[in-house]
Amino acid sequence: MSLCSCKQEKKVNEECGVFAITTDGTSGIDVVGESYYALYALQHRGQESCGITVNDDGVFTTRKGVGLVPEVFTAEEMAKMPKGKAAIGHVRYAPKSQIDAVNAQPMVVRHAKGTLSLVTNSALVNGLELRQEMQQQGTFFQTTNDAEVMAYLIARKRLETHSIEDALALALERFEGAYSIVLMSPTKVIAARDPLGFKPLCIGKTKDGYVFASETCALNVVGAEFLRDVKPGEIVEVVNNELIIYRQGKDEHPKGLCVFEYVYTARPDSVIEGASVHVARRRAGELLAKAHPVEADVVIGAPDSGLDAAQGYAQESGIPYGVGLLKNRYIGRTFIQPVQSQRENSVKIKLNPISETIKGKRVVLVDDSVVRGTTSERVVRLLKEAGAKEVHLRITAPPFKYLCYFGTDIGKPEELMANRMPIEDMAAALGADSIGFLSLEDTKKMASGVCKDYCVGCFSGEYPIDVSKANQKDKFEEKLTK
């Protein structure tokens with residue numbers, strides 16, 4: 001993955017994973033233990049912090065902290081958690097400025113009518129506006145993230161309504177941007193998704209309860225049967241262990257699902273909006289081979305998200321597929337490392353070339369993206385140092401030229417390689433013999449027929465909603481976290 005960093009990370013963006021589980025207690029399911037395994041399955045969505053809130057007869061117990069799931073939830077810590085019949089969990093990505101236990105989720109708010117706990121995968125473009133409005137009304141904020149803004153606004157609306165789901169519905173009217181939310185009250189678990197469906201969220205069924213998760217791979221781990229995705233704009237709740245649709249979504253399929261879920265973010269064994277991520281990536285490789293053919297001896301993929309696409313490229317082109325790069329499985333994603341020095345050290349030990357596959361050969365290297373170019377340049381150099389005669393880069397996404405305001409931390413426009421130079425100059429700058437990107441049209445065909453449209457703003461500069469308020473928010477957050 002070529003999402004390396006700039007010298008200093010300043011943007012405050014999230015790419016997170018959410019999970020919830022309920023049970024009626026008849027099968028002996030340990031909701032805390034199942035949440036642990038689910039968060040482990042979602043760890044790729046965030047490695048900076050994690051947390052779980054368990055509901056034991058209306059009493060909430062929360063454990064959260066900085067680190068990976070097994071680091072925060074040791075056997076000793078797990079033993080301290082009550083059993084309960086419902087739990088919600090979260091894994092979070094955050095830049096350096098926000099890596100602390102205070103910013104970790106779940107958020108827990110004790111309000112006049114009870115307690116709520118919330119986890120969210122979100123990026124509100126009007127988060128600053130809502131924060132300042134509530135500060136003027138006397139609200140004190142402990143964190144720098146949108147989850148606290150959302151939790152406080154829901155708690156306020158609860159004072160005006162007869163139920164927590166009514167409060168959530170009113171609060172959602174104020175949120176502008178991308179979000180998938182799971183909210184737990186003493187008697188309910190509620191899931192909601194933004195009207196354009198930027199962020200994935202699905203529903204599963206266990207033997208005696210229900211599950212909500214960012215990806216279906218989390219359902220598989222806990223033995224839940226996939227039911228369906230939460231529809232854009234929909235509010236779904238579990239009350240007395242029954243699944244109830246509180247508010248219907250306006251659209252069957254998203255109009256703004258982040259296409260990067262298929263390109264990189266999601267695990268290949270997940271199914272999002274009815275489309276297998278694995279199949280979508282293979283399809284991207286096939287489309288790349290048609291659009292950017294080249295004479296070569298072997299096709300290899302950059303682990304992990306380039307592997308499926310490389311197989312598709314090989315199948316379509318007729319060039320043999322080979323394993324040319326070995327990934328150290330004990331190193332986390334380069335993309336998710338929050339500090340530049342950490343990213344650079346990770347790149348040095350993350351990948352190792354297999355010379356027997358590539359020595360003396362013309363190599364097609366398939367990867368998911370080129371953002372700043374640091375990783376791509378190093379991988380090309382690794383391959384040539386290992387004896388590759390030629391290296392032809394094939395990328396399963398269009399060039400990154402614009403900011404993402406909805407959760408993918410890709411830096412400022414001037415840091416993006418495709419924003420600084422023409423595409424025809426990028427191959428030489430990266431040390432490659434040629435380079436080819438998937439077109440915007442073909443990118444939308446990766447999971448053809450699933451969605452009405454996708455959010456491709458980071459490629460096109462055109463966004464599904466107005467993002468002008470987000471620029472003000474970025475400046476505020478940059479100042480706030482210095």
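**View A. A right-handed β-α-β unit built from E20, helix H13 and E21.** In this predicted model, helix H13 covers residues 374-385 and takes its place in the unit together with the strands E20 and E21. Strand E20 (residues 362-367) is largely enclosed by the rest of the structure, because five of its six residues are buried.

**View B. The parallel neighbours of strand E20, namely E17 and E21.** Strand E17 (residues 298-301) runs parallel to E20 and is joined to it by four bridges, and in one of these pairings Val299 has Val364 of E20 as its partner. Six bridges join E20 to strand E21 (residues 390-395), again in a parallel arrangement, and here Asp367 is partnered by Ile395 of E21.

**View C. A salt bridge between Arg381 and Glu385.** The closest N and O atoms of Arg381 and Glu385 lie 3.9 Å apart, and because the two residues are four positions apart in helix H13, about one helical turn separates them. Arg381 is partly exposed, with a relative accessible area of 32%, whereas Glu385, at 59%, counts as exposed.

**View D. A salt bridge between Arg63 and Glu77.** Arg63 counts as partly exposed at 24% relative accessibility, while Glu77, at 19%, is buried.

**View E. A network of salt bridges linking Arg45, Glu215 and Glu261.** A search of the whole structure finds 24 salt bridges.

Definitions and conventions
Residues are numbered from 1 along each chain as its sequence is written. This is a predicted model: local features need pLDDT of at least 70, side-chain atom pairs count only at pLDDT 80 or more; totals for chains, interfaces and linings use all residues. Side-chain values use heavy atoms; hydrogens and water are left out. Buried means under 20% relative accessible area, exposed over 50%, partly exposed in between (1.4 Å probe, protein chains only). Two strands pair if DSSP finds at least two bridges between them. A crossover is right-handed if, with the strands pointing away from the viewer, the path from the first strand over the helix to the second runs clockwise. A salt bridge is a side-chain nitrogen of Lys or Arg within 4 Å of a carboxyl oxygen of Asp or Glu.
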